[in-house]
Every structure is written in C-alpha cells, then in structure tokens.
Amino acid sequence: IKDGNIIAEKKGWISTIANVKDIPITFNGKAGFNIENVMAAVGALVALGLTEEQIRVGLLSFNPSIDQSPGRMNIIDMGNFKAIIDYSHNIGALCATGEFIKSLMPGKVIRMASGVGNRRTADIMEFGVALSKFNDYVVLCDPDPRTRTIGETAQIIKQGLIKGGLTEDMITVVMNEKEATKISLEMAQPGDLVLLQADNIAEVINDVLAYKNQLME
C-alpha cells in the first residue's frame with residue numbers, strides 16, 4: 001500500500017492497481033482483514049500474468065453482497081439497526097473482524113454463534129473466550145455437533161463466554177439455528193448490530209430478508 005493505493009511492483013515494473021477505498025470489500029478502507037485479502041489476490045494475479053486492468057475490473061466490481069459473496073460480511077440495513085451475515089467460525093476470524101464490526105453501529109453487538117463439535121474442548125472453550133471480547137450479547141445454537149451430543153458444544157462455548165467476562169443474563173442457548181436467528185433479530189434495538197454466524201447460509205439469508213420485509217410492512 002502506498003498513499004492509499006494498492007501497488008504491484010517487481011523488478012523494472014510498477015503499477016497502481018486501485019485505491020483501497022474504491023474496492024468494495026474493504027468497506028471504504030476500514031476492513032483491514034479484507035485489505036490483506038486484496039493484496040494477496042493481487043499478488044497471485046500479477047504472478048499469473050493478468051493485466052492491471054483485468055485485476056482492477058475484478059476488484060472494483062466484486063461486492064460483499066448476498067448475491068456475489070453469500071455468507072461473507074453481508075451487511076443488511078434493517079431500518080433502525082443492521083444485520084451482518086458472516087461465516088466467522090474461528091478465533092482468527094473473530095479477532096480479525098471484531099473491532100471493525102463494533103465500529104459499524106453505536107449500539108450493542110448481538111451475535112448468533114456456534115461451534116464445531118469435532119474440535120478439542122480447549123479450542124472450543126477459547127472460541128467462547130474470543131467471542132466474549134467483541135460482543136455484548138450472544139445467542140448460541142448447535143447446528144454442527146459432529147462427534148458430540150447436540151448442545152454439548154454450545155455449553156462449552158458458554159463456559160468460555162463466562163470465563164471471558166460475560167454473565168449468564170448475556171447469553172441465550174437454543175439448539176436450532178433458525179430459532180436463534182429469530183431470537184437475535186427480535187432482540188435488536190435502534191442502533192444495534194446483529195451478527196449472524198450462519199451455518200445454513202441460504203436459510204439465514206432468507207430469514208433475515210423475510211424479517212426485514214416484516215419490519216417494513
């Protein structure tokens with residue numbers, strides 16, 4: 001990055017690809033994690049021999065929308081609050097996106113979250129601790145129990161949330177993702193942000209859009 005621009009440079013050659021703020025997935029240059037992704041993509045595409053114009057067209061036309069990139073930082077304006085659908089299911093993703101997400105709205109961050117049952121108990125616990133750092137309220141569900149009994153993973157995450165500083169009254173546990181989506185959306189007040197860590201992305205998108213239509217009636 002030089003002077004706000006993505007620069008591709010190698011021996012005897014330099015090119016300005018695009019301004020960071022013009023690339024939709026950087027959210028006006030505020031999403032550092034996606035700036036890093038853009039830089040990795042540009043590096044790979046230059047190595048593959050694409051022209052700067054081909055790369056630029058791709059970067060400027062790709063949006064984090066439910067049409068082009070379902071389940072990846074899809075921000076939906078719900079009227080007086082916002083919903084985000086994002087498959088951020090590990091500690092790295094939580095830490096990379098946490099501060100950016102908190103900056104989007106002035107109110108509470110309400111997150112629907114779930115773990116993956118075939119991870120080590122200690123790792124699931126630490127996922128809960130990480131969740132506690134960036135969210136004001138967490139609705140836990142268990143759509144992907146794998147090797148564990150239904151609900152076991154959610155309870156381990158809950159222990160991590162409490163270890164990280166959340167209290168019992170800041171956590172709701174339900175097994176069904178569809179119900180958890182509904183609870184999370186209904187909890188939102190003006191200025192809040194509802195982040196939905198979707199497992200069944202298509203269903204969560206449909207449920208959010210249906211709820212938005214209901215609010216607009």
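**Pockets, cavity and helix contacts in the predicted model**

Helix α4 (residues 121-134) is the largest contributor to the lining of the second largest pocket, giving 3 residues. Helices here are DSSP runs (H or I, at least four residues), as strands are (E, at least two), numbered from the N terminus. The structure is a predicted model, in which local features need pLDDT of at least 70 and side-chain atom pairs count only at pLDDT 80 or more, whereas totals for chains, interfaces and linings use all residues. Residues are numbered from 1 along each chain as its sequence is written, and side-chain values use heavy atoms, with hydrogens and water left out.

The second largest pocket has a volume of about 170 Å³. On a 1 Å grid over the protein atoms alone, a pocket is an open set of points with protein on both sides within 12 Å along at least five of seven lines, a cavity is a set of points where a 1.4 Å probe fits but cannot get out, and lining residues have an atom within 4 Å of a point. Grid points are joined across faces, edges and corners, and the volume is the space filled by probe spheres set on the points. The lining of the second largest pocket consists of H89, N90, I91, G115, V116, R119, D123, I124 and F127. By class, 4 of these residues are nonpolar, 3 polar and 2 charged, where Ala, Val, Leu, Ile, Met, Phe, Trp, Tyr, Cys and Pro count as nonpolar, Asp, Glu, Lys and Arg as charged, and the others, Gly among them, as polar.

Two or more lining residues come from each of α1 (32-48) and α3 (91-102), and α3 gives the most, with 4 residues. The lining of the largest pocket divides into 8 nonpolar, 8 polar and 2 charged residues.

A count of cavities of 30 Å³ or more gives 1. The largest cavity has a volume of about 60 Å³ and is lined by Y87, H89, S114, G115, V116, D144, Q197, A198 and D199. Its lining holds 3 nonpolar, 4 polar and 2 charged residues.

Helix α4 also packs against another helix: the axes of α4 and helix α5 (residues 152-163) come within 7 Å and cross at roughly 50°. Axes are lines fitted to C-alpha atoms, for helices over the stretch in contact, with angles running from 0 to 180 degrees between N-to-C directions. The two helices, α4 and α5, are therefore oblique to each other; angles under 35 degrees count as roughly parallel, over 145 as roughly antiparallel, 65 to 115 as roughly perpendicular and the rest as oblique. Contact (heavy atoms within 4.5 Å) involves T121, I124, M125, E126, F127, G128, V129, L131 and S132 of α4 and T153, I156, I157, Q159, G160, L161 and K163 of α5. This contact of α4 with α5 has 8 nonpolar, 6 polar and 2 charged residues.
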